[in-house]
Amino acid sequence: MAEDFDVVGMHHTYEQIYAAVRRIPRGRVATYGQIAALAGLPRQARMVGYALNALPESRSLPWHRVINAKGEVSPRSEPGFERVQRALLEREGIEFDARDRVSLARFRWQPRLPR
DNA sequence: TTTATGGCTGTCA
DNA sequence: ATGACAGCCATAA
């Protein structure tokens, strides 16, 4: 019954993801899984990817600060986009090694406060 | 409704 | 270190 009105919950999920992404400080990166967890959606890293994929460009969200657990920029549908994201990160001071990977040990955003 | 796919992750060989 | 598998679940056909 009330389930028919879960409209709030539906969009709330994406909002949570966007909110989490927005918290990533400049010069820092976070993984999809990390964002998912912060958004209260453990194990739903893929949803983060979808949320960001469906994200309107007009929305100034630091989506480029979200990378995969390997510390590398996830290959997107469009070829060559990888370097764009990389450029954005480098502009914030993120460093890439010879293998085009970021050292999560150093640049991963680690929020102290729970949730 | 079912099926297929996807900006992933953790575990195991 | 790399490669294969299974799990999670929303969106599009």
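1. A polar contact is a pair of N or O atoms within 3.5 Å; within protein, one must be able to donate a hydrogen and the other to accept it, and residues adjacent in sequence count only if both atoms are side-chain atoms. The model is predicted: local features need pLDDT of at least 70, side-chain atom pairs count only at pLDDT 80 or more, and totals for chains, interfaces and linings use all residues. Residues are numbered from 1 along each chain as written, chains are lettered from A and ligands numbered from 1 in the order written, and side-chain values use heavy atoms, without hydrogens and water.

2. Around DNA strand C stand Tyr 14, Arg 43, Gln 44, Arg 46, Met 47 and Arg 101, where near means a heavy atom within 4 Å.

3. A polar side-chain atom of Tyr 14 lies 3.1 Å from a phosphate oxygen of DNA strand C.

4. Helix H3 (residues 45-53) is a DSSP run (H or I, at least four residues). Its residues Val 48, Ala 51 and Leu 52 are buried (under 20% relative accessible area, 1.4 Å probe, protein chains only; exposed is over 50%, partly exposed in between). The face of H3 turned away from its buried side carries exposed Arg 46 and Asn 53.

5. Gln 34, in helix H2 (residues 32-38), is buried, with a relative accessible area of 11%. Its side chain joins that of Arg 108 in a polar contact of 3.1 Å.

How values were computed: Helix = DSSP H or I, 4+ residues; strand = E, 2+ residues; numbered from the N terminus.
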